[in-house]
Amino acid sequence: MDTQKLRTFVTVAATLNYTEAAARLYTTQATVSKQILALEKQWQVTLFSRAHRQVQLTAAGQALLPKAQAVVAAANALQAAAAVVQTGAGSRLRIKTIPSIANYRAFNQIAAFHRAHPEIQLQLTEGETEAVAEALTAGEADIIFTRLFDQPDAATESVIGESDALQVLVPKTSPLARRPALTVQDLASEDLLLLGESTALMQPVRRLFAAQGLTPHLTYQGQRIDLILGMVSRGLGISIMMQKTVALTDYPALTLVPLTPTVTSQLAFVRRHGKHHPASDAFWAFIQRG
């Protein structure tokens, strides 16, 4: 049984999008299509309907999907177990992440891996997006967890866990809070309190404004989300942030409003292509189990 084809089937079923599935598998859309067609020929069934450019599971696909998921999970577990056997006690795994990792599923994955493999010495550090990328390039981290707005570097492979979207953070008393969605034109005269260049969130905002021939009025640039939340709550301005990074439990007077056009990012574990030590391979297999 070709588990790679099964991984492709499971990933397309999860995304219902060949392009997104290819990105998650770090391959091409043509390869994804070829592998699905090969499975359909092998099993003599149609797994997906492709009418009107929309991908949907067929009844046969729905019936076979749980079994394919079970095989892929078992293959991942076997790969992880083999890697751990090779590793031995005292091996080290260096993971560097962006500071907001606690807001994403990746945080629980790291914790679960640490509980499952106490024999692997985990070294977890954080840094802003630029520093995280530099650590991987410099060989100071085995794996990084970061935010991707574009396709990953061709020299790397990635496991994408979830996506996030930019939204506008405003006081509930602001007239902007009553809008169903906001555009950059709505924000042209507002004082903006933003995360700075090193977080990789400044450039998407600049591009949005530039596309409309506007220049954002930047009142604050920094790295601390909690400080920006405090500033917005005190009426010093508004902010544009990724939705899942903002915890409003302690700020009941604030709210998030969708931004249009929608700007999304992918949250991913990334490592460089090539030969890796067993601890890295064990973690890589673990997170691919979903």
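1. **Basis.** The model is predicted: local features need pLDDT of at least 70, side-chain atom pairs count only at pLDDT 80 or more, and totals for chains, interfaces and linings use all residues. Residues are numbered from 1 along each chain as its sequence is written, and side-chain values use heavy atoms, with hydrogens and water left out.

2. **Overall build.** The protein has 9 helices and 11 strands. These are DSSP runs numbered from the N terminus: helices are H or I with at least four residues, strands are E with at least two. Along the principal axes, the C-alpha atoms fill a box of roughly 60 × 55 × 35 Å. Of the 290 residues, 45% are buried. Buried means under 20% relative accessible area, exposed over 50%, and partly exposed in between (1.4 Å probe, protein chains only).

3. **Contacts.** A contact means heavy atoms within 4.5 Å. Take contacts between residues at least 6 apart in sequence: 75% of them join residues at least 24 apart.

4. **Helix 1.** Helix 1 covers residues 3-15. Its 13 residues should span 18 Å at 1.5 Å a residue, and the end C-alpha atoms are 18 Å apart, which agrees. The expected span is 1.5 Å times one less than the number of residues. Helix 1 is largely enclosed by the rest of the structure, because 10 of its 13 residues are buried. Among them are Lys 5, Arg 7, Phe 9 and Thr 11. Just after helix 1, Leu 16 takes a positive phi of about 50 degrees.

5. **Helix 5.** This helix runs over residues 105-116. Its 12 residues should span 16 Å at 1.5 Å a residue; the end C-alpha atoms are 17 Å apart, which agrees. Ala 106, Gln 109, Ile 110 and Phe 113 are its buried residues. They cover an arc of only 100 degrees around the axis, which puts them on the same side of helix 5. The arc is that of the directions from the helix axis to the C-beta atoms. An α-helix has 3.6 residues a turn, so residues three or four places apart point the same way. On the other side of helix 5, Asn 108 and Arg 115 are exposed.

6. **What helix 5 packs against.** Its buried residues pack against strands 3 (91-97), 4 (120-126), 5 (143-148), 6 (156-171) and 11 (264-272), and against helix 9 (278-287).

7. **Largest pocket.** About 780 Å³ of space lies here. A pocket is an open set of points on a 1 Å grid over the protein atoms alone, with protein on both sides within 12 Å along at least five of seven lines; a cavity is a set of points where a 1.4 Å probe fits but cannot get out; lining residues have an atom within 4 Å of a point. Grid points are joined across faces, edges and corners, and a volume is the space filled by probe spheres set on the points. The lining holds 34 residues, with Thr 11, Arg 24, Leu 25, Val 159 and Gln 288 nearest the centre. Strand 6 gives the largest share, 6 residues. By class, the lining has 15 nonpolar, 11 polar and 8 charged residues. Ala, Val, Leu, Ile, Met, Phe, Trp, Tyr, Cys and Pro count as nonpolar, Asp, Glu, Lys and Arg as charged, and the others, Gly among them, as polar.

8. **Second largest pocket.** Its volume is about 500 Å³. It is lined by 22 residues, and Thr 129, Ala 133, Thr 146, Arg 147 and Leu 148 lie nearest its centre. Helix 6 (129-137), strand 5, helix 7 (202-211) and strand 11 each give two or more residues. The largest share, 5 residues, comes from helix 6. The lining has 9 nonpolar, 6 polar and 7 charged residues.

9. Thr 129 lies in helix 6. It is buried, with a relative accessible area of 12%. Leaving out residues up to four places away in sequence, Thr 129 touches Ile 98, Thr 146, Ser 198, Thr 199 and Ala 200. Ala 133 also lies in helix 6. Ala 133 is partly exposed, at 38% relative accessible area.

10. **The cavity.** The count comes to 1 cavity of 30 Å³ or more. The largest cavity has a volume of about 30 Å³. Leu 194, Leu 195, Leu 201, Met 202, Val 205 and Ile 240 line it. Strand 7 (192-195) and helix 7 each supply at least two of the lining residues. The lining has 6 nonpolar, no polar and no charged residues.
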